[in-house]
Amino acid sequence: MHPAARRLAHSLTRNIDGTLFGIVLALLAVGVLVLVSASNLSAMRVTGQLGNMLIALCVMWLFANIPPHFLMRLALPLYVVGVLLLVAVALFGDVIQGARRWLDIGITRIQPSEFMKIAVPLAMAWYFDRHEKTLRLANYGVAAVMLVIPVALIARQPDLGTAVLITASGFFVLFLAGLSWRVITGAAVAGAAALPLVWSVLRDYQRQRILTLLDPSQDPLGAGYHTLQSMIAVGSGGLFGKGWLNGSQTHLDFIPERTTDFVFAVFAEEFGLLGCLALLFLYLAAISRGMFITANAPSLFARLLCGAITLTFFTYAFVNMGMVTGILPVVGVPLPFVSYGGTALVSICLGFGILMSVYSHRKLVQT
Amino acid sequence: MAMRSELSINPGIELRNAQLELHHFQVRLAVAAGLVLLSFLLLTGRFFYLQVVRHGELYTLAEANRIAVVPVVPNRGVILDRNGVLLAHNFSAYTLEVQPDRVANLERLIDELATVVEITPRDRRRFRRLLEETKSVGTLPVRTRLSDVEIARFAAVRYRFPGVEINARLFRHYPQGEVFSHVVGHIGRINPREVEQLQAEGLSANYRGTDYIGKTGLEHQYERILHGTTGVEEVEVDSGGRPVRTLSRASPVSGNNLVLNLDARLQEIAYNAFGDYKGALVAIDPATGGVLAFVSKPGFDPNLFVDGIDALNWNELNTSPDKPLVNRALAGTYPPGSTFKPYMALAALAYGKRTPQQTINDPGYFMFGGHQFRDSRPGGHGVVDMYKSIVKSSDTYYYMLANDLGIDAIARFMAQFGFGTATGIDIAGEATGVLPSQEWKMRRFNQRWFPGETISIGIGQGYNAYTPLQLAQAVAIIANGGTAYRPQLVSAVEDHRTRERAAVDPRQLRALNLKREHLAVVREALIGVNKEGTAARSFANAPYLSAGKTGTAQVIGIKQGEKYVESRVLEEHRDHSLFIAYAPADNPRIAVAVIVENAGFGARAAAPLTRKILDYYLLGKVPPPVRRVKDDDASSS
């Protein structure tokens, strides 16, 4: 290779973490494979998703090349803008399918809640880093407020899935920042005590989802239909699956949202237990790599941010597979890298870009 | 670990050990990693549970999801007359059907559909009625018999109408319309009560997919034969229940055909012969009990009922003073009038109360208990023997006879002819009529019998009330020499495929103990009626020998000392005209009972009508198109 080309290639790839990138590519390959089946060989869907993947990889590359200290400077402004956008959504947002999630900014419509998946842990990590030397209980309180404001705004849109994910990411920051076990236990107890209150705030369809989770067979044609059909799909796959493109639940349209939130049911039906374990292994590999990067991160900010990104990624995978197999309520959480759709893919790749950036810039900070 | 955490946020310690800090973090990260592993272990367990432990069960469920067992409705058997003329058959047509539970605003939907295909007000009314009646899921037809153009037009805009579909369906059609409305009956959509009944009889499975069931007449009576056996198709379906492909198929077995004793042409001629009059006619083959004609006039168009009748037509039929929905031949009961006299004469001979030669003097009335029973002929018939009593229809002769016999002897004798008993004909809804007796009156009115009530029984009035079918059955017994057969509409069941016919054998109910010579006397007199008696004019120049008896049934009572003047009486209160007959008299092939409502004397309306159908049946003579009988009457009287 020509030295100039080599230099160019090096400068383009030097911040990309090969291990993580390999895992991402493997997961994306699974995503394409499943989508081909789930979309009934729809070329439009598949090419559309390939486009999304390309964009997401570009974003990943971009963020891999942004040094963490630069991100740190952006943390507060991004957070403030995000919250303002959420307030704007609450006031002027467009209602689509009963939820007010979108904001029309003239050229296009944006979904600020998606953006907050990164902005919230970023801001919280920045906050803890700033007060690293003098951490008090009050600081955790402030950070918790930083979390609660956007979550409350998103939950009332309503967008339960995103709210859950952001809550999880925020909680991971608090947890990794060393929030006292006593407080965690206390909060857990208080939370359990507050359940009736939460129940009264939930929308009917959210309550229904929770009730159906407890017993999906109670309402097999109504609210429990999705869960029941996806459980049938998963279970009927058996050990080896029915084979790619051969899932009857998939191709006869019994699986709801089969290219997006329930795509795992398609995968499980066609690839069986072995496929599921392989996929689980890929996720575990990605998480492990994320944890490794987190553990080796040079600053509190980087550690908290990377930890939150990694654990949020885990939450995506766990909640999605949990809901498809009927052990968690149906909340709108996509299966990372596999579900059809660009938004979640971009935000996950963005997070992975940050992980890579932190990893490649670790020595820079240390010196 | 909790203590360390406490330490780390203790404000008292200002300076922090970076290493300790990092250690704390790594502990937390390890805890998180543990959580991740635990969660994935949980998922693995769940996968194992679903995909290994419950695999068999869930696989079966997936297959059940995938495969729908779709009933394949059999073709309903057709109904044919004795010569193979179709009385009920099926034709295939496209219907526009709506799934009401998938449509929010039905009225608006139909308005919009009306811009694509023609939807008449009648279609709308019928749809509304269907909607009220069924209340079940599934589809209901808005329009039937779509034209090709309409199908194409709807197909082009189909996307605008979720919950609306076009289906090819078999429709029942009754080409003979009102002529056979009462006897063939009709089918209609299965209602909730019938669903329950099918369940109770264990027939639900065979009616899966069937929308129609026989409601009246033969369609009802022979439902099981006509319906056939429902087939089953295993179809792969998607979640919307739309078939993707057929996996297996057990073909339905079509219903078998009914071949009737009825003669469609005879029936039609008889029906038309009534002109504008109401009434009923039953013609029976005396040798078998096979029913040759079974007319109730007016009829109605049974095709209106097939897909649910609309409210307007229903109200019209249901409230019409002519009562077209009543099967007069089966369920209408009338006093037999003088057609009762031949049986009275037989009773007199059987009980030894009269000899054929014994005469009475008929002064034109019979006094009993200070009450004058008048003869229909003022001044009477003079000296009357049994022959003359029938030929000229003397009332006085039978007033006296009834008095001599007594009510219970009359009742006992008449019962053998089937008077006052359901004949058991093969359609439902038969009236039993009233054969009066002391016991009957006690049961019915809780009153004893007054001897004076016996008198008018002798001339077929009083409590006497029989169906035209019973009258026909009775005269058939005289015609065949004393055997009562069950009247039978169906002569054979025809296999839908092989066309092999399984004959329905004549069912003999009983053999009457009538003396040959007694019968001969009465039969001689019945021939006399048509030759030189009350029906002589109607049967003038008939090339065959026939036997008959006229009758006139009073609709209202005439007070003592009053005279019945037809023109003064409201039409619906005028006398019914009756006639019973059989022919040829020496070897009877057909026995007939006719009642023409409010048409006056038997000789005037019922006898000429009978002549027409005998002429057709025996000679193949088709009468010229009927003039309006009423106009004819007006000019002659």
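Helices (H or I, at least four residues) and strands (E, at least two) are DSSP runs, numbered from the N terminus, and chain A holds 16 helices and 3 strands. The model is a predicted one, in which local features need pLDDT of at least 70, side-chain atom pairs count only at pLDDT 80 or more, and totals for chains, interfaces and linings use all residues. Residues are numbered from 1 along each chain as its sequence is written, while chains are lettered from A and ligands numbered from 1 in the order in which they are written.

Of the 367 residues of chain A, 51% count as buried, that is, with 20 or more other C-beta atoms, placed from the backbone, within 10 Å of their own.

**The nonpolar cores**

A nonpolar core is a set of buried Ala, Val, Leu, Ile, Met, Phe, Trp, Tyr and Cys residues joined through C-beta atoms within 7 Å. The largest has 128 residues, and A:Ala123, A:Val263 and A:Leu355 are among those with the most contacts inside it. Helix 14 (residues 300-324) of chain A gives the largest share of this core, 18 residues. Apart from it lies another core, of 122 residues, including B:Phe417 and B:Leu614.

**Where the chains meet**

Counting two residues as in contact if their C-beta atoms, placed from the backbone, lie within 7 Å, 43 residues of chain A are in contact with 39 residues of chain B. On the side of chain A that touches chain B, the largest share, 10 residues, comes from helix 13 of chain A.

**Helix 2 of chain B**

The buried residues of helix 2 of chain B include B:His24, B:Arg28, B:Phe40 and B:Gln51.

How values were computed: A residue is buried if 20 or more other C-beta atoms lie within 10 Å of its own, exposed if 12 or fewer, and partly exposed in between; C-beta atoms are placed from the backbone.
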